Amino acid sequence: MDLIRDEEFESKSGTDIMEAPSGDGQDLNKNQRSKKKRYHRHTQHQIQEMEAFFKECPHPDDKQRKDLGRRLGLEPLQVKFWFQNKRTQMKSHHERSENSQLRAENEKLRVENIRYKEALSNASCPNCGGPAAIGEMSFDEQHLRVENIRLREEIDRISGIAAKHNQWTNVFSGIVSRAVTLEVLSTGVAGNYNGALQVMTAEFQVPSPLVPTRENYFLRYCKQHADGTWAVVDVSLDNLRPSAISRCRRRPSGCLIQELPNGYSKVIWVEHVEVDDRAVHTIYRPLVNSGLAFGAKRWVATLDRQCERLASAMAHNIPAGDVGEGRKSMLKLAERMAMSFCTGVGASTAHTWTTLSGSGADDVRVMTRKSMDDPGRPPGIVLSAATSFWLPVPPKRVFDFLRDENSRSEWDILSNGGLVQEMAHIANGRDPGNSVSLLRVNSANSSQSNMLILQESCIDATSSYVIYAPVDIVAMNVVLNGGDPDYVALLPSGFAILPDGPAHHGGGIPDAGSGGSLLTVAFQILVDSVPTAKLSLGSVATVNSLIKCTVERIKSAVGGEIA
């Protein structure tokens with residue numbers, strides 16, 4: 001009946017009242033008149049009151065309709081029909097607005113298409129000056145056109161990163177440890193997420209077990225404005241879950257993405273939160289309190305680095321070098337390795353790791369996981385150990401020391417003092433530190449076979465990583481020949497390097513850093529190839545010993561550099 005009413009009264013300006021027949025002795029004319037509808041126009045005051053109520057609550061329940069009707073001198077049915085009509089009008093208005101926008105975009109594309117056709121019809125041959133056929137277009141011109149189309153697609157893809165929680169998690173894997181879309185309220189229009197509205201939950205992290213994660217339950221809205229600028233805005237919905245205890249509320253936060261004429265994009269990022277950070281470890285408090293750990297600067301720096309990575313993966317004009325056609329496969333494998341490392345290095349408990357008690361060291365967090373039927377991980381019991389500590393050395397110097405294959409033997413116990421050589425190298429950004437390498441460890445003992453290590457190093461203005469994993473020689477040969485990297489088993493280990501706080505700029509900054517580094521060391525080690533086997537305490541002790549020995553070696557080596 002509600003649907004019929006919506007259609008029936010859509011064009012009426014008043015409210016309809018149905019008069020019921022009274023008595024059995026009425027004649028036919030009276031009965032017909034009683035079935036006729038009488039229309040009553042609402043007063044200006046009634047309309048203003050209902051308009052104001054509609055802004056706050058477009059779907060009033062029975063009690064609200066009765067209260068509103070009593071206050072305005074209307075029947076609850078009249079109030080119900082007015083709200084139905086109002087919702088229908090708003091929906092029609094919204095659809096008309098979207099149609100207008102789509103028509104404008106279509107007209108823009110049509111004009112652009114005409115311009116391209118005219119340019120092609122007037123094209124001349126560079127050799128003879130005569131009219132050029134399409135097939136005579138130079139390779140460079142064709143290549144530029146393809147690249148322009150691809151770049152435009154990538155700009156749309158970047159704006160859609162926030163709308164898809166899995167892409168968002170992949171791009172910001174160092175910050176977003178978990179994200180789930182709970183409900184999609186609107187998918188947006190024209191397939192480009194314009195108007196997309198969804199309810200999400202996410203967990204944000206710093207790459208250290210000493211900094212608790214921040215969990216948020218929030219609403220995300222994506223909107224493209226008339227000038228082409230995208231806005232992606234989050235706001236917490238914690239007030240809708242009063243029973244949940246939240247240490248962090250997300251005030252209106254998000255980003256504006258504007259396409260520039262030179263092919264670049266301008267991004268403005270805002271992070272606005274209320275948070276209780278009393279559980280953060282002492283050595284990380286200056287960094288967290290400064291906003292560098294979870295703030296907008298880290299999000300933008302990560303996005304910038306990932307855009308460089310994307311451009312590197314898309315590039316076609318780079319010499320093949322020593323990687324050949326396996327370049328894309330190797331980059332894809334390195335990306336999976338980095339994401340896997342980030343899931344085990346922070347304080348998140350959302351993944352498949354189980355934290356062990358009684359590890360024998362309060363400063364080392366040890367977790368375990370059983371791996372089965374996953375082609376990307378070796379089967380068996382895996383231990384993950386992570387610890388964080390402070391170094392009186394600038395982050396850049398620590399990063400350069402750890403990524404250099406020539407200094408690897410100073411800290412890497414598993415390489416057994418063997419000579420490390422770089423077999424392949426892929427630049428992955430403007431900074432020379434952003435690269436993916438394939439290393440070969442030549443064993444000092446002739447009876448032992450050589451080992452291959454895949455390593456990615458990346459650095460931006462807020463953090464840096466050196467992540468590596470031993471790889472099977474046969475599997476890596478498949479990758480270098482352009483094969484599918486998803487079936488290469490990886491157990492990533494590595495380092496996350498952060499500044500110990502904001503830099504001094506004179507005048508004294510509260511919680512300013514000393515110029516030192518906060519280094520997190522994390523290992524993943526297969527301790528038993530049988531997933532159903534029981535974990536021995538000896539394995540835990542071995543991993544603890546390994547990570548402690550590595551920490552001491554790094555402190556000694558870096559300390560020796562300073563001295």
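Residues are numbered from 1 along each chain as its sequence is written, and side-chain values use heavy atoms, leaving out hydrogens and water. Because the model is predicted, local features need pLDDT of at least 70 and side-chain atom pairs count only at pLDDT 80 or more, while totals for chains, interfaces and linings use all residues.

**Exercise 1. Find where confidence in the protein chain is lowest and where it is highest.**

Start with the scale: pLDDT is the predictor's confidence in each residue, from 0 to 100. The chain averages 78, and 74% of the residues score at least 70. Next, compare elements, taking helices (H or I, at least four residues) and strands (E, at least two) as DSSP runs numbered from the N terminus. Helix α1 (residues 2–8) is lowest at a mean of 36, and strand β18 (residues 493–499) is highest at 95.

**Exercise 2. Work out whether strand β12 is enclosed or open, and which strand pairs with it.**

Check burial, where buried means under 20% relative accessible area, exposed over 50%, and partly exposed in between (1.4 Å probe, protein chains only). Six of the seven residues in β12 (residues 365–371) are buried, so the rest of the structure largely encloses this strand. Then look for a partner; two strands pair if DSSP finds at least two bridges between them. Strand β13 (residues 380–391) runs antiparallel to β12 and is joined to it by seven bridges.
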